[in-house]
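Here are my notes for anyone opening this one up for the first time. Have a look at the model, then read on.

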Amino acid sequence: MVRALILGGTSDANLLAEAAARAELDAIYSYGGRTRAPAHQPLPTRTGGFGGASGLADYIRRESITHVVDATHPFAAEMSRNAVAACMITQTPLIALERAPWAKATGDSWIEVPDIASAVAALPEQRTRVFLAIGRQHIAPFATRPQHAYTLRFVDPPEAALPLPDADVIVSRGPFTLTGDLDMMRARGIAWIVARNSGGDGARAKIDAAGELGLPVIMIARPQVPDRPRADSVTEVMQWLGHRACLGA
Ligand code: NAP
């Protein structure tokens, strides 16, 4: 008997939830609770942290979870590390549904950096307009470069004042389109982009738009997580769970 726990919060996790529901798989979808109105899932859903690796191990035992799928965002490294540790403690099979990172295409002007601090340091000295496509928890370090005008895009409106003196906020939920991001970048006069190498199609439009407009992209590499089995498609995860993937027509 399979009873899967899907650590979610990404569009890939949502596709997996759809496939699991279609296959009538016994599965629970877990949200971290960062988004105010997360998408409804066709599976029983829980929200919020487990309390570290030991909390997740307790949850796995309590809920008789047989398989864990880590379908979190590639930058959600803490959750991924906890999943590895908890599955080790409880001897539960784990797989990561992880999209490949974006690769630089010929003509792309990327400055590849390992972390946020290096991204801040890679910005030019002279005032420019920066599209900061990195998630709200990470914008504070950019306050040390207050000369720039920043455009930010969030799923929810900010609850408090932003730490950046010149910030223009777009509230919108992806996926985004190339045409839409080209229009947005032209209309706002974006000259630099700071992005995390999330991979996947949903967030790729800004990278393609930057390439078309010949704009420099400061690309932050993914954080390290311990080695674990990986799948790069929902079909592969469904097979691992012992089911045919039912992705619809
Ligand atoms: P994180 O730093 O890896 O997780 C921090 C803690 O949040 C975890 O230790 C866990 O708490 C809880 N948590 C995270 N995901 C969870 C889940 N699916 N179910 C239950 N608990 C969960 O991850 P994060 O804080 O969510 O985000 C880290 C980075 O990833 C951020 O940079 C964020 O912008 C990015 N991210 C992007 C997307 C997206 O674009 N779709 C979605 C999510 C995250 P406990 O230790 O208490 O269990």
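The points below go from the domains to the ligand.

1. A word on the model before anything else. It is predicted, so to speak of local features we ask for pLDDT of at least 70, and side-chain atom pairs count only at pLDDT 80 or more, while totals for chains, interfaces and linings use all residues. Residues are numbered from 1 along each chain as its sequence is written, and side-chain values use heavy atoms, with hydrogens and water left out.

2. The chain splits into domain 1 (4-99 + 224-240) and domain 2 (109-220); these bounds come from an automatic or database domain assignment. Their centres, taken over C-alpha atoms, are 28 Å apart. Nine residues of domain 1 and 13 residues of domain 2 make the contact (heavy atoms within 4.5 Å).

3. Together the two domains bury about 870 Å², with 45% of it on carbon and sulfur atoms. Buried area here is the accessible area (1.4 Å probe) that two parts lose on being put together, summed over both. On the domain 1 side, R36, F75 and R99 supply 62% of the area buried against domain 2, more than any other three residues.

4. Where does the ligand lie? Both domain 1 and domain 2 give residues to the shell around the ligand, so it lies between them. The shell has 23 residues, and S30, R34, F50, H138 and R196 come nearest (near means a heavy atom within 4 Å).

5. By type, the shell has six nonpolar, 13 polar and four charged residues; Ala, Val, Leu, Ile, Met, Phe, Trp, Tyr, Cys and Pro count as nonpolar, Asp, Glu, Lys and Arg as charged, and the others, Gly among them, as polar.

6. Now for polar contacts, meaning pairs of N or O atoms within 3.5 Å. Ligand oxygen atoms sit 2.9 Å from a polar backbone atom of G51, 3.1 Å from a backbone N or O atom of G52 and 3.3 Å from a polar side-chain atom of N82.

Conventions: Polar contact = N/O pair within 3.5 Å; in protein donor to acceptor, adjacent residues only side chain to side chain.
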